[in-house]
Structure formats: C-alpha cells, structure tokens
Amino acid sequence: MLTLASKLKREDGGKTGRASGASDSTHRISIRDRLLTKEVAELETNLPSTCKASFPDEDQLHHFQLAVSPDEGYYQSGRFQFEINVPEAYNMVPPKVRCLTRIWHPNITENGEICLSLLREHSIDGTGWAPTRTLKDVVWGLNSLFTDLLNFDDPLNIDAAEHHLKDKEDFRTKVQDYIKRYAR
Amino acid sequence: MAVDGGHRDSGCNWEGRWNHVKKFLERPGPFTHPDFEPSTESLQFLLETCKILVIGAGGLGCELLKNLALSGFRLIHVVDMDIIDVSNLNRQFLFRPKDVGRPKAEVAADFINSRIPGCKVVPHFKKIQDFDDSFYREFHIIVCGLDSIIARRWMNGMLISLLSYDDGVLDPSSIIPLIDGGTEGFKGNARVILPGMTACIDCTLELYPPQINFPMCTIASMPRLPEHCIEYARILQWPKENPFGEISLDGDNPEHIQWVFERAQERSAEFSITGVTYRLTQGVVKRIIPAVASTNAVIAASCATEVFKIATSAYIPLNNYMVFNDVDGLYTYTFEAERKENCSACSQVPQDLQFPPSAKLQEVLEYLTENASLQMKSPAITTTLEGKNKTLYLQSVKSIEERTRPNLCKTLKELGLSDGQELAVADVTTPQTVLFKLNFTN
C-alpha cells in the first residue's frame with residue numbers, strides 16, 4: 001500500500017492543491033485545547049468542597065484561578081488564591097501554578113512559588129508530572145498542600161520549616177497572623 | 001567549490017555521476033521490493049521532481065543534507081531557527097568558525113549548493129510553526145532531525161491534519177511520510193511514520209525519557225547530585241552576591257564559570273557530594289547535552305536510507321522503529337511500534353456535522369443530545385479561530401455557561417465558523433474530547 005501511495009504522488013508530478021477550506025493551522029485545534037475542553041468541562045463536578053474555580057475569560061480555558069479555603073489544620077479560615085496557567089505543550093508539561101496570596105508555609109514561598117512534586121516535569125521517584133495526570137489531579141494536589149502534603153521535611157521556605165521545628169505554637173500564631181492580614 | 005570533477009558545464013550530470021544510485025534502481029536484486037521493476041524513471045524522479053523537507057540543520061540535519069544531496073535528491077528545503085554556536089563545529093561539518101553567529105539553515109544550504117552541483121537547497125531561518133499547511137503539503141517526504149519533543153508533536157499533528165478521508169476511508173495520496181531521527185549521546189533512534197496508518201509520535205510518547213529539570217526545593221535544601229550544587233550557585237548565590245557587579249551570568253566567560261565552579265565545590269563539600277568539575281559546571285550553566293558525532297552519522301544514514309526507499313519504492317521501508325546504542329559495544333533493535341487506541345493525535349477521524357451556515361448553535365447542541373448514536377447529556381463545544389480557542393458553549397461551569405449562553409442564538413456564520421471548521425466536543429458520555437468537522441450545506 002505504501003508503494004501505491006508513492007506512485008500516486010509521483011504521477012501527480014507534485015502536489016495538487018486540495019481545496020480544504022478551513023483546515024489550515026489557524027483552525028486546527030491544538031492538543032492542549034482539546035484536552036482543556038474535556039478537563040474544564042469536568043472540573044466543577046470534581047472539585048473538593050474547599051475549592052472554587054473561576055475563569056476571567058471564557059475563551060481562555062488555559063488560564064484560571066483557584067480559591068482554596070481549608071476547613072482543618074493550621075490554615076483553617078484562610079482563603080488562598082492560586083493562578084493556574086496551562087502551557088501550549090500540555091499535557092507533556094504540567095500546568096504552571098503560582099500562589100497569589102502571601103502565606104507562611106514550608107512548601108510555598110512568600111513570593112508564591114510552589115513546591116509540589118506533581119507540578120514538576122522531571123522527578124526521580126515517579127511522583128512528578130505525567131501525561132496521565134489531569135487538572136483534577138492538580139487541584140486536589142494544591143488542596144492537599146494544606147493537609148496531607150504539608151511537608152516540613154523537604155521545604156522550599158526553609159525559614160518557615162525551621163520556625164515550625166523550633167516552636168510549633170509560634171508557627172501557628174504566625175500562620176494565623178498572615179491569614180488575618182493577607183488571606184481574607 | 002566542487003571537488004567531484006568540476007564538470008559544471010555538462011549540465012550537472014556528467015558521465016557516471018549517478019552510477020552508485022543506478023545500481024539500486026536500474027537492475028534487479030535480492031532485497032528489492034516484490035513489486036519493484038528496474039527502470040530509469042526512479043532516478044529521474046529523484047533528480048527532478050521529488051521534494052524533500054529537512055527539519056533541523058544541526059547534528060542530524062547536516063548529515064541528512066549531505067546524504068540526501070549525494071543520493072540524488074535536488075529539491076530540498078531546510079528549516080532551522082537557530083544560529084551557529086562555536087560548540088557546534090566539532091560535528092556540524094557544514095559550518096566553519098567564520099560562520100559562527102549566522103543562521104544554520106542558510107550556511108548549510110550555501111555549503112551544499114556550492115559543493116554539490118545541481119543541488120538546490122532552499123533554507124528557511126524560521127520556526128516550523130511559522131509555516132502553515134499550504135507549505136507542508138508541497139513535500140513528498142519530511143525528515144526530522146529535531147531536538148525537542150514538542151516540535152516533533154507539532155509536526156506530527158500538522159501532518160495528521162493534512163489527511164483527507166472519503167466516506168471514512170483514508171485517501172493514500174494525502175499521506176506525507178515522516179521520517180524521524182533523534183539522538184542523545186551514544187543512543188539514537190530512527191522511525192518511519194505514515195500518518196493515519198502507522199504509530200505516530202503521540203502513540204509512543206511514553207518511550208521518551210523524562211527531561212532533566214531540577215526542582216528548587218531540592219536545590220535549596222537537599223542536594224544529592226553535583227548538578228544541584230552548580231544550580232545552587234547559579235540560581236541563588238550569583239544574584240545575591242553579584243561577584244562581578246550587576247551583570248548576569250555569561251556561560252562563555254571563563255571567570256564566571258570559575259566562580260560558579262568554586263561556589264559549587266564548597267556546597268558539594270558541605271553535603272559530601274562528589275563529581276563537581278569545571279567541565280560539568282560549564283555543561284550545566286550552558287545547558288549542554290553531550291552530543292556524539294558518530295551517533296548522528298548512524299541515525300542520519302538510517303533516516304536518509306528510508307527517504308530513498310520510500311521515494312523510489314524500490315525497497316521495503318523500515319517497519320517501523322529502530323533503536324541504536326553504542327555506549328558499550330554495539331546494540332540495535334527494530335520493532336513495529338503499534339498505534340495507540342486512544343491516541344490524542346491520530347486515533348480520531350473527525351466526524352462530519354452537516355449544517356447550513358444559517359443554522360443556530362442551538363441546533364448543533366440539540367443534534368449532539370438527540371442523535372441516537374451520540375446521546376450526549378450536556379456537551380461543551382469549543383473551536384479554534386485565528387489560532388486561539390473560542391468557547392462556543394460550556395454548560396458545566398456556571399460562570400462560563402452564563403457568558404456563552406448568548407452564542408446559542410447566533411448562527412454558525414455569525415460565530416465566525418467556516419466550512420471544514422473543527423469543533424471539539426466534551427461530555428460526561430465521552431471519555432475523551434470528540435472531534436467534529438463542520439460541513440456546510442446549502
């Protein structure tokens with residue numbers, strides 16, 4: 001069948017322009033956009049009760065905000081905003097997430113950088129990003145940063161982790177103070 | 001400068017010039033394709049008609065251009081968005097020290113065109129994404145010597161979008177074979193992809209090793225590798241200490257590298273990590289992935305051979321994935337990569353949706369929910385206009401539903417949709433997004 005294909009092309013003497021109307025690259029739906037159509041459509045039904053998603057532009061499904069309001073633990077009563085951007089190369093690469101709310105947290109810097117293995121492109125232990133993961137996993141991962149993924153042993157904000165090590169109660173006080181000032 | 005005898009006046013085809021190629025095409029042999037008939041037509045096709053696109057003019061690209069040009073291919077286009085760096089010169093042999101800073105595609109084309117009389121390589125100092133389907137449609141075969149998976153996927157997706165179907169049957173003349181080669185150090189692979197027929201890039205995405213990227217928390221608090229120590233010096237210590245003033249780190253400045261190297265050594269001593277060397281420091285700072293000329297030669301030779309086989313139909317092409325590894329001894333293995341059932345790139349043939357341009361979006365929605373074989377519950381519909389997503393209607397996110405509800409009363413034409421427009425539809429009833437193609441009726 002391959003030889004036939006080549007022969008056909010050779011007889012053409014080149015390519016006959018096929019009238020295809022809208023099939024040029026400006027109309028081709030990218031893999032990212034195809035995936036987003038499904039993942040965004042499923043998003044709201046799969047959110048944990050502590051999370052809410054909002055889309056500033058309904059045409060930009062790749063850019064949205066997530067508000068997490070933990071109902072237990074150190075960060076109870078705070079409302080933390082995350083900004084999620086899904087790059088063109090999704091889902092070979094993970095979404096880029098930033099924390100917009102200033103927070104005292106061992107795995108989130110005060111500038112909003114997040115340490116979550118799920119969001120990492122390469123990880124030696126297999127907990128990093130893979131094309132089998134979806135936005136739902138990212139949302140649950142972010143939510144877990146306030147519960148089971150709260151990790152003082154492998155910190156990004158070393159000061160916060162050491163603070164907790166030295167004096168847990170003082171750490172709790174500072175967390176609540178930050179919530180009062182920034183996370184309402 | 002033509003070393004081959006300078007017979008430029010005799011029309012570039014001096015006596016005996018193509019004897020080596022004629023041996024394959026003008027006589028029978030034990031390894032030829034069962035349908036092969038020796039003739040002089042194949043060589044003429046190569047010389048005068050066959051149009052090949054080479055993507056990448058680097059390690060693989062230089063070898064590919066040389067191989068193809070010496071095999072008789074003359075109508076070659078080459079695309080590369082990079083300029084020549086001094087570190088390329090040990091293996092990208094179409095370039096010389098005087099060419100550093102010039103676009104790879106242009107220098108490569110100049111070299112081949114002057115070295116091989118009659119060859120007309122057309123360079124494009126551009127990204128592959130700068131071209132649309134009308135450019136790619138013109139080629140008989142496309143060969144890739146790319147250095148990124150993203151670019152491969154893009155090319156793969158482009159060729160799949162060129163496929164046309166008549167009543168669900170693939171039209172073979174719309175297939176443009178893609179020969180893809182990749183190398184990394186002593187390992188390499190070559191594969192033949194017939195879009196729509198054999199496994200595509202996305203079908204075998206898991207075969208690619210994860211790309212190296214060091215997480216900040218590891219660098220900051222728990223380094224384990226010499227690379228972590230180097231990155232610590234580069235990312236954290238340099239901006240803090242600004243050892244040479246407020247300038248950014250220059251990978252080509254030995255003093256800068258020396259400074260990073262010394263800081264990295266201090267840190268590695270703290271954590272009892274061995275392996276920090278000046279050379280590794282340079283490699284990490286400049287993001288150098290070691291390349292070996294011989295691997296590129298082997299893989300490019302394999303790819304060029306496949307181009308030759310497919311263009312002439314004289315031999316059975318590679319079926320369809322070859323791996324090569326000469327780290328220790330020499331190993332090669334060929335297998336038939338299979339298509340993935342739910343491949344996000346090639347498993348779906350867009351289904352036809354027939355509507356007049358005056359139909360309202362509401363009618364499309366009703367069709368998707370009421371049609372017996374679809375029976376969707378609350379489909380989300382998106383499309384791409386001018387390269388950007390447009391959400392036509394998305395019911396399951398309240399804020400988006402409210403903003404897209406007005407679209408339901410608009411006609412398909414008013415929404416900017418045209419004949420052949422691709423629509424992406426997702427619903428609870430579908431495990432993946434389903435693609436449809438709008439077919440305007442009158």
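Once residues within four places in sequence are set aside, A:Leu145 is in contact with A:His105, A:Asn107, A:Ile108, A:Ile114, A:Cys115, A:Leu116 and A:Leu150. Keep in mind that this is a predicted model. A:Leu145 sits in the loop between helix 3 and helix 4 (158-166) of chain A. Because its relative accessibility is 0%, A:Leu145 counts as buried.

Now for helix 3 of chain A itself. Spanning residues 135-144, helix 3 is mostly covered, with seven of its 10 residues buried. Those are A:Leu135, A:Val138, A:Val139, A:Gly141, A:Leu142, A:Asn143 and A:Ser144. What do the buried residues of helix 3 of chain A pack against? Their partners in chain A are helix 2 (31-43), strand 1 (51-54), strand 2 (63-68), strand 3 (80-85) and strand 4 (96-99).

Over in chain B, five strands make an open sheet with mixed pairing, in the order 11-15-14-12-13. Strand 11 (351-355) and strand 13 (388-393) of chain B each have a single partner strand, so one side of each has no neighbour in the sheet. On average, neighbouring strands here are turned by 35° against each other, ignoring direction.

Zooming in on one pair, strand 14 (residues 422-426) and strand 15 (residues 434-440) of chain B run antiparallel and share four bridges. Within that pairing, B:Val425 has B:Val434 in strand 15 as its bridge partner.

Two helices pack on this sheet, one from chain A and one from chain B:

| Helix | Strands of chain B touched | Angle between directions |
|---|---|---|
| Helix 2 of chain A | strand 12 (380-385), strand 13, strand 14, strand 15 | about 150° with strand 12 of chain B |
| Helix 12 (residues 361-370) of chain B | strand 11, strand 12, strand 13, strand 14, strand 15 | about 135° with strand 11 of chain B |

Helix 2 of chain A also holds A:Lys38. Is this lysine, A:Lys38, buried or exposed? A:Lys38 is buried, because its relative accessible area is 8%, under the 20% cut-off. Apart from residues up to four places away in sequence, A:Lys38 touches B:Ala426, B:Asp427, B:Val428, B:Thr430, B:Pro431, B:Gln432 and B:Thr433.

Methods: Residues numbered from 1 in each chain as written. Chains lettered and ligands numbered in written order. Predicted model: local features only at pLDDT ≥ 70, side-chain atom pairs only at ≥ 80, totals over all residues. Heavy atoms only, no water. Buried < 20%, exposed > 50% of the residue type's maximum accessible area, 1.4 Å probe, protein only. Contact = heavy atoms within 4.5 Å. Pairing = 2+ DSSP bridges. Axes fitted to C-alpha atoms, helices over the stretch in contact; angles between N-to-C directions.
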